[in-house]
Number of protein chains: 2
Amino acid sequence: MLKKRNVMTIGTLAKTAGVGVETVRYYQRRGLMSEPEKPYGGIRHYDEQALARLHFIRASQWLGFSLDEIGELLTLQDGAHCDEARELGEQKLISVRRKISHLQQIEQALNELVQKCSAGHGDVYCPLMASLNDGFEDATTDKHKVR
Amino acid sequence: MLKKRNVMTIGTLAKTAGVGVETVRYYQRRGLMSEPEKPYGGIRHYDEQALARLHFIRASQWLGFSLDEIGELLTLQDGAHCDEARELGEQKLISVRRKISHLQQIEQALNELVQKCSAGHGDVYCPLMASLNDGFEDATTDKHKVR
DNA sequence: ATTGCTTCCGTAGTGAGGTACGGGTTTAAG
DNA sequence: CTTAAACCCGTACCTCACTACGGAAGCAAT
């Protein structure tokens with residue numbers, strides 16, 4: 001695994017960043033990473049800039065950004081587009097908070113149902129099943145798409 | 001729209017339950033709903049049992065169950081399989097709680113970054129971008145798959 | 001020189017939960 | 001009787017982020 005001055009093959013790069021080779025190639029196709037020109041008949045080499053780019057992508061993904069959004073973020077990298085970046089961050093924060101409160105509603109409802117099932121009952125019926133059969137009129141009355 | 005004694009066509013059924021016709025047919029293909037035999041040369045009719053089934057599915061989906069899991073739940077509908085149902089509910093509750101705490105970590109990290117950006121800075125650099133460029137060493141050090 | 005692991009490249013498949021299409025019947029209304 | 005809407009059916013397509021496949025060619029070690 002020769003690694004002269006941080007010059008890597010795609011395999012080494014991928015392993016170092018903890019992603020698959022195919023994933024790197026996929027990011028290239030998506031335009032998230034540039035493909036280095038190949039040196040006369042063969043194998044491309046990557047430096048730590050490429051590695052940093054991968055870290056950027058994974059970090060952004062961890063925060064919930066989609067690959068399209070990450071592409072947008074990347075255009076803001078050079079220069080002082082802090083306002084735009086912050087705006088994207090705020091949007092994402094809003095959507096994360098929405099997801100959290102949605103899940104908290106579910107958590108509450110599910111917890112109630114499970115509790116009711118755990119409390120001894122006549123074994124003739126199941127409170128959880130009964131609620132589901134009733135279309136779950138409970139707790140949350142909002143009709144909205146599941147997806 | 002003749003509706004003699006709650007007998008519906010697939011279109012009426014779908015509209016009543018708030019789903020698409022194609023969705024009903026998809027659930028049939030998935031085995032979540034039975035297809036009523038068609039009366040000599042044509043159009044099937046559905047009763048409120050079918051409607052209840054759709055409500056069951058949507059309610060379960062709202063609670064975070066996948067269609068496969070819903071299939072499993074449906075096998076527990078008849079009889080006193082309350083223990084199994086509760087078990088599934090508990091598993092789902094655990095996964096919902098995991099998702100919540102994951103999102104809360106994200107919420108916190110994102111909030112910090114956005115705050116830092118909002119606090120006036122020299123405009124020479126963007127704290128949010130800087131963090132992403134560093135691969136976001138911050139807040140959460142756990143390396144795990146994003147998907 | 002041969003084995004055996006990478007790399008290169010394009011294309012196709014995965015999973016979840018649907019949605020859309022196209023071509024053929026039926027049925028309800030006018 | 002004709003037309004428009006609704007139904008039947010199979011198959012293909014969608015999103016998202018990958019993952020796999022297959023064949024050719026390179027490169028490192030034995």
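Student: By class, how many nonpolar, polar and charged residues does the surface near DNA strand D have?

Tutor: Happy to! This is a predicted model, in which local features need pLDDT of at least 70 and side-chain atom pairs count only at pLDDT 80 or more, while totals for chains, interfaces and linings use all residues. Residues are numbered from 1 along each chain as its sequence is written, chains are lettered from A and ligands numbered from 1 in the order in which they are written, and side-chain values use heavy atoms, with hydrogens and water left out.

The surface near DNA strand D has six nonpolar, seven polar and seven charged residues; here Ala, Val, Leu, Ile, Met, Phe, Trp, Tyr, Cys and Pro count as nonpolar, Asp, Glu, Lys and Arg as charged, and the others, Gly among them, as polar. Of the atoms of DNA strand D that come within 4 Å of the protein, sugar and phosphate account for 72%.

Now for some individual contacts with phosphate oxygens of DNA strand D. Y27(A) places a polar side-chain atom 2.8 Å from one, and R58(A) has a polar side-chain atom at 3.5 Å. From L67(A), a polar backbone atom lies 3.4 Å from a phosphate oxygen. The elements giving two or more residues to this surface are α2 (21–29) and α3 (48–62) of chain A, together with α1 (10–17) of chain B. Among these helices (DSSP runs of H or I, at least four residues, numbered from the N terminus), α2(A) gives the most, with five residues.

Technical notes
A residue is near a molecule or strand if one of its heavy atoms lies within 4 Å of it. A polar contact is a pair of N or O atoms within 3.5 Å; within protein, one must be able to donate a hydrogen and the other to accept it, and residues adjacent in sequence count only if both atoms are side-chain atoms.
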